[in-house]
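Here are my notes on the model, point by point. Please read them with the structure open.

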Amino acid sequence: MHPREFVAFIAAVMAVNAFGVDLMLPSLADIGHELGVNEANHRQWIITVYMVGFGAGQLVYGPLADRFGRRPVLLLTLAGFVGASIFAASSVTFPALLGARLLQGLMSASTRVLAVAIVRDGSSGRQMARTMSVAQMIFFLVPILAPTLGQLLLEFGPWRFIFYALGTFAGLVFAWTLVRVPETLPAERRVPISLTTLRANYRLTLTNRYSLGYAIAASLTFGGIIAFVSLSQQIFVDGFGAGDRFTLFFAICACAMGAASFLNARLVERLGTRLISQTAVLGLIALSLVHVGVTLSGVETLWSYIFFQALSMTCIGLCGANFGAMAMEPVGHIAGTASSLQGFITSIGAVAVASAIGQSYTGTTTPLAIGYLAIGVSVLGIVWVVEGGKLFHARMV
């Protein structure tokens, strides 16, 4: 594949999961009304359950991808995502919809594992971070566009149309994979599935302080993203009365993350993953401190919230790809299994963080601001330990 097509393909694979989270945000109120969910915070489970499946499924796909190759596993799970989308579209009760969402998450989990593993098959370190940043720059167009697309779909039909659209997009990525994408894992590098091998690979991934530490750090920052996504409709529509402008304001914040990925892609090979990500963490802490002061003083407005949220998302965007690349540096020779375990840690940790913040929502932005401050301080502490108390040095020892 041409390098540009390769980056676009990786972005499309990642976008299956992003659409799975963001496309339905404008429909949460409609879903709750039709399926009898009256408590606004309970609607967050439509996102949370999906992320639980997304995290748990990653434990399976890494070993499968290391044994059978990347391509067949991706094809199988994309087909499964199409089926889960049809199941969700036909749900008549809230528990049935949550079951379909869990299945969607389980199927889309492969997209995270395989995107990282496919890129790692051909690159590492700063080059890998640059490729992932370019892919994420394209991928972050999805959160910008998805709520607007979801709103447009609601103009032509019920919320069920959104799930049919998800299945259609996954089907297109399936066709792209089938026709254009070669296998990136040579037969001689494939590893048989055995408990002994899995135990050894898991031990290596979990005992290396860079691998484990940066996976946990990534889970905290990713939790900040999921918390924002889960709360966005409640904050913009219920809290600030944004109405139809919700998709515009959501896009502004998401666009900040896209700009951060673009900036990271341009600078990471020159400045390094550590300098950029650690500076961003310090920026997140400073912004959150000021934002907490604003919310507690009672002077928060729609535009002040957008200002602080967009800048915070910029800082988080400068961490994500870099944390992922640094976590993979010492375990690249077991990229599939390591990516799956790190993805599990990142996703399940993110669900825990996002749920703690989301279920604390009482009508103000204070829980989110305090949550972001806690995330920043915790990440800084983890990085300090992982790096042996030495920040801003060029590369892994």
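This is a predicted model: local features need pLDDT of at least 70, side-chain atom pairs count only at pLDDT 80 or more; totals for chains, interfaces and linings use all residues.

1. Sorted by class, the lining residues of the second largest cavity are 5 nonpolar, 4 polar and 2 charged.

2. The second largest pocket. About 150 Å³ of space lies in this pocket. Which residues line the second largest pocket? They are P26, A29, R43, Q151, Q233, V237, D238, G243, D244 and F246. Helix α10 (residues 209-239) gives the most to this lining, with 3 residues. The classes in the pocket lining are 4 nonpolar, 3 polar and 3 charged.

3. T48. Helix α3 turns up again here, as T48 is found in it. Is T48 buried or exposed? T48 counts as buried, because its relative accessible area is 9%, under the 20% limit. Leaving aside neighbours within four places in sequence, T48 is in contact with V351 and S355. L154 is another matter: T48 and L154 are 106 residues apart along the chain, and their C-alpha atoms are separated by 22 Å.

4. Cysteines. How many disulfides does the structure hold? The count is 0. A disulfide is a covalent bond between the sulfur atoms of two cysteines. Take C253: the closest cysteine sulfur is in C255, 9.9 Å away, so the two are too far apart for a bond. The cut-off for a disulfide is 2.5 Å between the sulfur atoms. C315 is in no disulfide either; the nearest cysteine sulfur, that of C319, is 7.2 Å away. C253 is buried, because its relative accessibility is 0%. C315 is buried too, with a relative accessible area of 10%.

5. S277. This serine lies in helix α12 (residues 273-296). S277 counts as buried because its relative accessibility is 0%. What lies 3.4 Å from a polar atom of the S277 side chain? It is the backbone oxygen of R274. Not counting residues up to four places away in sequence, S277 touches L318, C319, N322, F323 and M326.

6. S304. Helix α13 (residues 302-328) is the place of S304. S304 has 16% relative accessibility, so it counts as buried; the limit is 20%. Which side chain does the S304 side chain make a polar contact with? The partner is the side chain of E300, at 2.3 Å. With neighbours within four places in sequence left aside, S304 is in contact with V294 and V299.

7. To recap. On the serines, S277 is buried at 0% relative accessibility, and S304 is buried at 16%.

Methods. Residues are numbered from 1 along each chain as its sequence is written. Side-chain values use heavy atoms; hydrogens and water are left out. Helices (H or I, at least four residues) and strands (E, at least two) are DSSP runs, numbered from the N terminus. Buried means under 20% relative accessible area, exposed over 50%, partly exposed in between (1.4 Å probe, protein chains only). A polar contact is a pair of N or O atoms within 3.5 Å; within protein, one must be able to donate a hydrogen and the other to accept it, and residues adjacent in sequence count only if both atoms are side-chain atoms. Contact means heavy atoms within 4.5 Å. On a 1 Å grid over the protein atoms alone, a cavity is a set of points where a 1.4 Å probe fits but cannot get out, and a pocket is an open set with protein on both sides within 12 Å along at least five of seven lines; lining residues have an atom within 4 Å of a point. Grid points are joined across faces, edges and corners, and a volume is the space filled by probe spheres set on the points. Ala, Val, Leu, Ile, Met, Phe, Trp, Tyr, Cys and Pro count as nonpolar, Asp, Glu, Lys and Arg as charged, and the others, Gly among them, as polar.
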